Amino acid sequence: MPEYRELEKVKDYFAEKLEIHGATPRGVDYNSAEAQEIRFLQLLKVFNTSQKYSLLDFGSGFGAMYDYLLRIGHQLHYVGYDISLPMVEKGRELHLHNPDCWFTANIADVPVLDYATLCGTFNMKLDADYDAWTKIVVECLRQMSDHASRGFSFNMLTKYSDADRMRPDLYYADPLFFFDYCKRNFSKNVALLHDYKLYDFTILVRKD
Ligand SMILES: C[S@@+](CC[C@H](N)C(=O)[O-])C[C@H]1O[C@@H](n2cnc3c(N)ncnc32)[C@H](O)[C@@H]1O
């Protein structure tokens with residue numbers, strides 16, 4: 001992925017959150033563990049769990065998604081990828097000696113896996129221009145698709161949020177644009193989930 005100036009600020013932002021709040025939902029900028037789990041629940045709908053699967057978590061933070069999937073009984077090989085080195089280091093520290101769970105800050109290290117997923121990675125754009133951020137998102141979705149042979153899922157804040165509560169530093173995506181983009185570029189089998197009472201939506205892209 002080309003170096004984007006916008007991502008340098010995001011790296012610093014999340015490094016600071018982790019430093020202040022540690023390995024907690026607030027450490028990855030979420031208000032509550034409950035909302036985070038509702039989001040995970042939507043994202044995992046694309047995985048076929050009848051046998052062990054492999055998963056790339058794009059913008060993994062310290063691996064909360066992996067811990068959640070283990071807790072609910074999934075069997076998986078997990079790779080957490082994050083641009084923030086402190087997040088990657090925290091993920092490694094928390095999952096030491098677990099050969100089924102590793103972390104990297106370099107997407108080139110990641111082989112093609114069964115699935116890829118992404119939770120909250122693009123929400124915080126800080127002062128980046130909206131269209132420039134959309135370009136980065138699309139580039140990352142392409143990378144996710146290239147790394148996932150069976151399908152992938154992602155969520156983003158929705159542009160259908162209440163106008164008076166929207167913030168300029170957050171990215172509110174157009175669900176219809178991303179649904180259309182995925183249909184045209186990644187797979188004919190795409191689902192848009194926008195019915196779980198949070199100010200975000202989830203897209204599932206099935207390849208098999
Ligand atoms: C809101 S946190 C979510 C962490 C994790 N997905 C979770 O749900 O617990 C967003 C994470 O995405 C990472 N991130 C942001 N933009 C990224 C990008 N373009 N590529 C990889 N990681 C990114 C940040 O460093 C941060 O750790």
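Reader: How many helices and strands does the chain have?

Author: This is a predicted model, in which local features need pLDDT of at least 70 and side-chain atom pairs count only at pLDDT 80 or more, while totals for chains, interfaces and linings use all residues. Residues are numbered from 1 along each chain as its sequence is written, and side-chain values use heavy atoms, with hydrogens and water left out. Helices (H or I, at least four residues) and strands (E, at least two) are DSSP runs numbered from the N terminus, and read along the sequence they follow the pattern α-α-β-α-β-α-β-β-α-β-β-α-β-β. Counted in this way, the chain has six helices and eight strands.

Reader: What is the radius of gyration of the chain, and what would a compact globule have?

Author: The radius of gyration is taken over C-alpha atoms, and the globule rule is 2.2 Å times the number of residues to the power 0.38. For 208 residues that rule gives a value near 17 Å, with which the chain agrees, since its own radius of gyration is 16 Å.

Reader: Which side-by-side elements do the buried residues of helix 2 pack against?

Author: Buried means under 20% relative accessible area, whereas exposed means over 50% and partly exposed lies in between (1.4 Å probe, protein chains only). In helix 2, residues 33–43, the buried residues are A35, Q36, R39, F40, Q42 and L43. They lie on the same side of helix 2 because they cover an arc of only 160° around the axis, the arc being that of the directions from the helix axis to the C-beta atoms. With contact meaning heavy atoms within 4.5 Å, they pack against helix 3 (64–71), strand 4 (113–118), strand 5 (148–158), strand 7 (189–193) and strand 8 (200–206).

Reader: Why is the pair of F47 and Y115 given the name that it has?

Author: Rings of Phe, Tyr and Trp (its six-membered ring) pair if their centres lie within 6.5 Å, and planes under 30 degrees apart count as stacked, over 60 as edge-to-face and the rest as tilted; by this rule there are 15 aromatic pairs. The ring centres of F47 and Y115 are 5.3 Å apart and their planes stand at 45°, so the pair is tilted.

Reader: How many disulfides does the chain have?

Author: A disulfide is a covalent bond between the sulfur atoms of two cysteines, counted here as a pair of cysteine sulfur atoms within 2.5 Å. The sulfur of C119 is 15 Å from the closest cysteine sulfur, in C140, which is too far for a bond, and the sulfur of C140 is likewise too far, at 13 Å from its closest, in C182. By this rule the count is zero.
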